[in-house]
Amino acid sequence: GLLRVDHVGIAVADLDEALTFYSETFGMHCVHEERNEEQGVREAMIAADPDGTGARIQLLAPLRPDSAIAKFLDRNGPGLQQLAYTVKDVEAASDALRARGLRLLYESPRRGTAGSRINFVHPKDAGGVLVELVEPA
Ligand code: CMX
């Protein structure tokens, strides 16, 4: 099952500009940054609380025009793109949702932020929300 909200993902055109905006406007700070070539993103986890253990926001910028984030930006412009939940076992959580008739985007988990294993529920099967399942490393 789902353990908690892991992060909320926001699509942005330019990661450095977005980091500056969140830092200068909201006083949030970056707790992790990486490139995920398979997903075609440059991404950063940011937090409002000083020790970075509270709720996290993931800023996602496209690396390629054919990436999921580039397509999202083309269609919607910048904004909320995904809601991610922490799970203990991403395969078990995916199977449980498949058994309830939901479409998972990947047959088997792929690599997410910081060595996590991830899968997604199609937004059309989850009330218009792209739901990510995250099994932390
Ligand atoms: N949230 C809500 N709805 C969304 C959506 C999103 N992020 N992305 C697409 N949709 C909707 C579209 O508006 C469209 O609806 P209409 O048909 O009513 O216009 C429908 O879903 C389109 O579905 P599709 O044609 O099957 O798929 P798309 O080509 O639009 O791609 C998706 C959507 C979810 C399959 C694709 O974005 C994807 O594969 N996402 C998973 C990977 C990802 O998001 N990676 C980036 C983050 C990496 C990370 O978290 O580490």
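Predicted model: local features only at pLDDT ≥ 70, side-chain atom pairs only at ≥ 80, totals over all residues.
# Charges, strands and selected residues

Reader: How far apart are the mean positions of the positive and negative charges of the protein chain?

Author: The protein chain carries 15 positive and 21 negative charges. Lys and Arg count as positive and Asp and Glu as negative, while His and the chain ends are not counted; each charge is placed at NZ of Lys, CZ of Arg, CG of Asp or CD of Glu.

Reader: In what order do the elements of the protein chain run from the N terminus on?

Author: Helices (H or I, at least four residues) and strands (E, at least two) are DSSP runs, numbered from the N terminus. The protein chain has three helices and eight strands. Read from the N terminus, their order is β-α-β-β-β-α-β-α-β-β-β.

Reader: What is the radius of gyration of the protein chain?

Author: The radius of gyration is taken over C-alpha atoms, and the globule rule is 2.2 Å times the number of residues to the power 0.38. The C-alpha atoms fill a box of roughly 45 × 35 × 25 Å along the principal axes. For 137 residues, a compact globule would have a value near 14 Å, and this agrees with that of the protein chain, 15 Å.

Reader: What percentage of the residues of the protein chain count as buried?

Author: A residue is buried under 20% relative accessible area, exposed over 50%, and partly exposed in between (1.4 Å probe, protein chains only). Applied to the 137 residues of the protein chain, this gives a buried share of 43%.

Reader: Which strands stand at the edges of the sheet?

Author: Two strands pair if DSSP finds at least two bridges between them. The open sheet of eight strands has mixed pairing and the order β2-β3-β4-β1-β5-β8-β7-β6. Two of these strands each have a single partner strand, so one side of each is left without a neighbour in the sheet: β2 (29-36) and β6 (110-111).

Reader: Which strand does β1 pair with in the parallel sense?

Author: Strand β1 (residues 2-11) pairs with strand β5 (residues 79-87) in the antiparallel sense over eight bridges, with Val5 opposite Tyr85 and Val8 opposite Leu83. The parallel pairing of β1 has four bridges, and there Ala11 stands opposite Leu60. The parallel partner comprises residues 56-62 and is β4.

Reader: What is the bridge partner of Glu43 in β4?

Author: Strand β3 (residues 41-47) and β4 run antiparallel and are joined by seven bridges. Within β4, Glu43 has as its bridge partner Leu60.

Reader: Which residue in β8 does Thr86 stand opposite?

Author: Thr86 is found in strand β5 and counts as buried at 3% relative accessibility. Four bridges join β5 to strand β8 (residues 131-135), and the two run parallel. Contact means heavy atoms within 4.5 Å; leaving aside neighbours within four places in sequence, the contacts of Thr86 include Gly1, Leu2 and Pro136. In β8, the residue opposite Thr86 is Val134.

Reader: How far apart in space are Leu133 and Phe120, C-alpha to C-alpha?

Author: Leu133 lies in strand β8 and is buried, with a relative accessible area of 0%. Phe120 lies in strand β7 and is also buried, at 6% relative accessibility. Not counting residues up to four places away in sequence, Leu133 touches Tyr85, Leu97 and Ile118, among others, while the residues touched by Phe120 include Gln82, Leu104 and Val131. Leu133 and Phe120 are 13 residues apart in sequence, and their distance in space is 6.0 Å.

Reader: What is the phi of Ala114?

Author: Ala114 lies in the loop between β6 and β7 (117-121) and counts as partly exposed at 45% relative accessibility. Most residues other than glycine have a negative phi. Ala114 is not a glycine, yet its phi is positive, at about 55°.

Terms used. Residues numbered from 1 in each chain as written. Heavy atoms only, no water.
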